[in-house]
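The report below reads a structure through its nonpolar cores, one of its helices and its charged pairs. Please keep the sequence and the coordinates at hand while reading.

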Amino acid sequence: LAAKAGGKDQLAAKLDAFFSKAAAAEKTALPDLYYWHGNEPDIHAAYAFIELDRPDLTQKWVRWIMESRYSDTPAGLDGNDDGGTLSAWYVFSALGIYPKVGTTSYYLGIPRFPKATVKLGSKELRVVIAGSPEGTRVRQVSFNGNALPGYTIEHAALVGGGELVFELE
């Protein structure tokens, strides 16, 4: 897709413009004209920036979605939460991880909470924010004390338990 769009930079710019138009548009009860989070087949779109070498834009737009498309009001979800898909998106994204479709990997986004613990049978996965919890960019992610080289992690590593640390700035 990036090749058809003129390269990774051009596709990232087009995708960023798509989200920017959605953010600038008035929020209504109807589907948004641009990115509509209730359209479940494209809820992974904000994570596509990682594939385009722009994890900063994944972090920006995932945070925007969590802050603007979820609330505790009757209109708190865009669309119908079929089988909990939109809720699962939020839980994964709030942990700073999101399943990469068709693989055994997870994208690493930006966590919502200073710390969280996920029980995995007899093991635990702890997700921790280092630095300012108000930070808007991830500087580095480490797992069990080892810096990760990019913005993905394997399922097998996570289910083994341990500590996933996001250094925010």
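Is Lys100 buried, partly exposed or exposed? Lys100 is partly exposed, with a relative accessible area of 23%, where buried means under 20% relative accessible area, exposed over 50%, and partly exposed in between (1.4 Å probe, protein chains only).

This is a predicted model, in which local features need pLDDT of at least 70 and side-chain atom pairs count only at pLDDT 80 or more, while totals for chains, interfaces and linings use all residues. Residues are numbered from 1 along each chain as its sequence is written, and side-chain values use heavy atoms, with hydrogens and water left out.

**Charged pairs**

The count comes to 8 salt bridges, a salt bridge being a side-chain nitrogen of Lys or Arg within 4 Å of a carboxyl oxygen of Asp or Glu. Three of them are listed here.

| Salt bridge | N to O distance |
|---|---|
| Lys100 and Glu51 | 3.0 Å |
| Glu67 and Arg112 | 3.3 Å |
| Glu124 and Lys119 | 2.5 Å |

Glu51 is partly exposed at 36% relative accessibility. Because Glu67 lies in helix 3 and Arg112 in the loop between strand 2 and strand 3, their pair ties together parts that are 45 residues apart in sequence. Glu67, at 47% relative accessibility, is partly exposed, and Arg112, at 30%, is partly exposed as well. In the remaining pair of the table, Glu124 is partly exposed at 28%, whereas Lys119 counts as exposed at 59%.

**Nonpolar cores**

A nonpolar core is a set of buried Ala, Val, Leu, Ile, Met, Phe, Trp, Tyr and Cys residues joined through side-chain atoms within 4.5 Å. The largest has 28 residues, and those with the most contacts inside it are Phe19, Tyr35, Ile65 and Trp89. Two or more residues each are given to this core by helix 1 (8-24), helix 2 (48-51), helix 3 and helix 4, and the largest share, 6 residues, comes from helix 3. Apart from this core lies another, of 17 residues, among them Leu125, Phe143, Leu164 and Phe166.

**Helix 4**

In helix 4 (residues 85-95), the buried residues are Leu86, Trp89, Tyr90, Ser93, Ala94 and Leu95. Gly96, which follows helix 4, has a positive phi, near 90°.

Note on methods. Helix = DSSP H or I, 4+ residues; strand = E, 2+ residues; numbered from the N terminus.
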